[in-house]
Amino acid sequence: MANKEFWTGSDKYLCDRDLAQSFHIARTLGMPLLIEGEPGTGKTELPIQYAADQNLELFVYPTGSKSNVEQFVARFDHVKYLRDSQIEILNSQREEKGLESKLSTGGRNPENLADYVAMGPAAKAYSKPNSVLLIDEIDKAPREFPNDLLYALSHRKFIMPESGETIEVSENDMPAIIITSNREQELPTAFKGRCIYHYIHFPGEDTMREIIAKHYPKVSNQIVDVAMDVFYHLRKIGLERAPTTRELLNWLKYVKTFSTSEAIDKIQKLEGIGALIKTQTDLERVQKQILSNPTDFQKRSTPN
Amino acid sequence: MFETLPKKFVEYDVPVDIRALLLLRKAMDKKLIRTLGDIYNVLKGIVVKDPEMMGPYTKAYYDYFLNIKIHQGDTLNDAIQRSETFKNWRDDNLDRMGDELSVEDMVNRFLDEVHMTSYDIQEVVDGRLLWDKDRGDIEDKESDGLEGDKQPRALDKMADYSDLSLQELLDRMQEVMDQQKSEHSGGSHWIGTGGISPYGHGGAAKDGLRVGGTGGGKMARKVLNDRKFFPIDMDAIINDNNVDAALASLRGIIEESAEEKLDVPSTIKNGLKRGGLFLPEIKSEEHDKLQVLLIVDNGGYSMDPYIRVVQTLFKKMKTRFAHDLETHYFHNTVYDRVFSDARRNKPIYIDKILKKDPNYRVFFVGDAAMAAYELNRTSMDSYNLMKKHFKKIAWLNPEPQRYWAHTFTTMVIKEIIPMFPLSPKGIEKAVKQMNKKKE
């Protein structure tokens, strides 16, 4: 019986309330959870932390431009099959010549086609009840990929190539499937229809504080105050690429190595801003708007 | 149950199909739905497939389940305060809430109850159990003793109801919904009396259990106030809000061909690696050579508001697709030359442009409105020659389409070069037209 308990995060991961509920709904209904949202909002973290916290096995399929269902489900290893079938001939030849040593097929038997099926993360997850399957950044995949997944997602069944074995999972044992997307391309409607959809909102200041506390419990409040001020200010001025949670955390990771007063000083001088700002135009803009007018900004960002 | 739901939601452009209804039913069957807030959440997961659908979805939900109509420009608070549902709820719960609550507080409370989910209730139950355990040996003689007695009982009652069968649950919901829809419902409502929750009268909400703001109401408010959660108007002339949608329409100019070909070199290479076993290697042929010529009217006031956003659009396109993009400028109409700089100092003659690869896609951007004498023979010739040379050509006009017919020069140019509105949809059409195979 798969884990259908309501899960609200762990001491390392703050699972946003709404997300926790959607995740629970998806697991209860045995449907994949499709998470979209700005980059750096912890989409991928959810399954990782969930699996770690609940001690479940996690299977990951990172999607790329060359992804296909074969890699995801299972493929037949023709080369190994060919090699092993040749080995039998070779071995009998060696025997004729009176040679002792034999080549090994590593326990595989060419008679048994199932030995040559290389299972992908999906097949592995489906044959392991109560596991977690992450399909990361599905929007990077070729357009056909999500459509090809439709069958598997709605039938809970895979047929292995060549060997014809089927891997089937009952609705109760469905692995928790999490699919993430950065919306770089629109996913097919039919595909979305088979998922529970959740859009992660960008965390507000309160949530952000909690997130920071989970990651760096030791960073002083003063530093966090100042850094958050700068961060949300940067998000407001309409940059081409607004900084995200992940980048704020990286920045804090850098400044937290200094003493509090030094760190605040560094934040106000926007040192290490490269952790937050990723394009040249944005950098110029920040310099023009903030550094050229530092007094105004410092007044805002200095804690009272 | 819920037979009319798809129809209502479609009115708000939120598609709800049979599958969605079946899923909703399944969710009830699995006991995911016990309160109105649960329906909001579960149905959202099932039907909302895009943040832009969140706004319309929330509106449809309020209309269908609560009979609260949120009009364009309304805030959620206004819509709630105006509604019969809220008034009835307030009348029913006035004694419970006391007089000191401001209208705003009441709306907040209303929202809390609307969006209270069984997760919230579960939290309360869990919290209560823990709390009771913690103070098990403490005599409770304080003034809140009575309340402390009462509340756990209410919660016990909730638990009793949680074993309702699906059919009973459905019947109950239908009943409450009918009452809700009738005008003089006289007290029994979706909410306030424990909502549609099968916990019945005296449920969590009635006792005023507050879960510190359930979040759902806050989110609903946020969703309704943010344009991000509503669909982009694809027919609006492009602006900062829909420039990305326009970009998406432009994406179509990359012809996607999924032609697969036998990859001879890699078949041989890999075949040799395999010791002479040749398996055909397939490669997909990609043609994404994209050349764009953008010719913008940057003279005169009429074009001013659009130039910046047009440039943003094509600049974004350039970074996104990283291809050959040239921008030229003209004033009112093209004669024998265009200019390579925005100040129109560096001329490039049409003859030269006509020597370019005919596969260039040419976009004119301009209102095509001028005094009739300005559109002279030279100008017309230039347009005709361009049209003849570049097969993929379109004119994007920021003027609303209904005014085109009133401007003589617009109509003349439109006869030569296919003209489309400078909106995401218009751009999409222009691209489609360009992609059409021509003989």
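How many residues of chain A are in contact with chain B, and how many of chain B with chain A? I looked this up in a predicted model. I found 17 residues of chain A in contact with 20 residues of chain B.

**Entry: the A side.** I checked which elements of chain A supply this side. Helices H1 (17-29), H4 (78-96) and H7 (189-193) and strand E9 (196-200) each give at least two residues. H1(A) has the largest share, seven residues. I also sorted the residues on the side of chain A that touches chain B by type: eight are nonpolar, six polar and three charged.

**Entry: H1(A) against H3(B).** The axes of H1(A) and helix H3 (residues 36-47) of chain B come within 10 Å, crossing at roughly 70°. H1(A) is therefore roughly perpendicular to H3(B). From H1(A), I noted Gln21(A), Ser22(A) and Ile25(A) in the contact; from H3(B), Asn41(B), Val42(B) and Gly45(B). By type, the residues of this contact are two nonpolar and four polar, with no charged.

**Entry: cores.** Next I looked up the nonpolar cores. The largest has 93 residues. Those with the most contacts inside this core include Leu33(A), Phe158(A) and Ile196(A) from chain A, and Ala27(B) and Val42(B) from chain B. Helix H4 (residues 51-66) of chain B gives the most to this core, nine residues.

Leaving aside neighbours within four places in sequence, Ala27(B) is in contact with Ile25(A) and Leu29(A), and with Leu32(B), Ile33(B) and Val42(B).

A second, separate core has 41 residues. I listed Ile238(B), Val362(B), Phe363(B) and Met386(B) among them.

Notes:
Residues numbered from 1 in each chain as written. Chains lettered and ligands numbered in written order. Predicted model: local features only at pLDDT ≥ 70, side-chain atom pairs only at ≥ 80, totals over all residues. Contact = placed C-beta atoms within 7 Å. Helix = DSSP H or I, 4+ residues; strand = E, 2+ residues; numbered from the N terminus. Nonpolar A, V, L, I, M, F, W, Y, C, P; charged D, E, K, R; others polar. Axes fitted to C-alpha atoms, helices over the stretch in contact; angles between N-to-C directions. Parallel < 35°, antiparallel > 145°, perpendicular 65-115°, else oblique. Core = buried A, V, L, I, M, F, W, Y, C linked by C-beta atoms within 7 Å. Buried ≥ 20, exposed ≤ 12 C-beta atoms within 10 Å, placed from the backbone.
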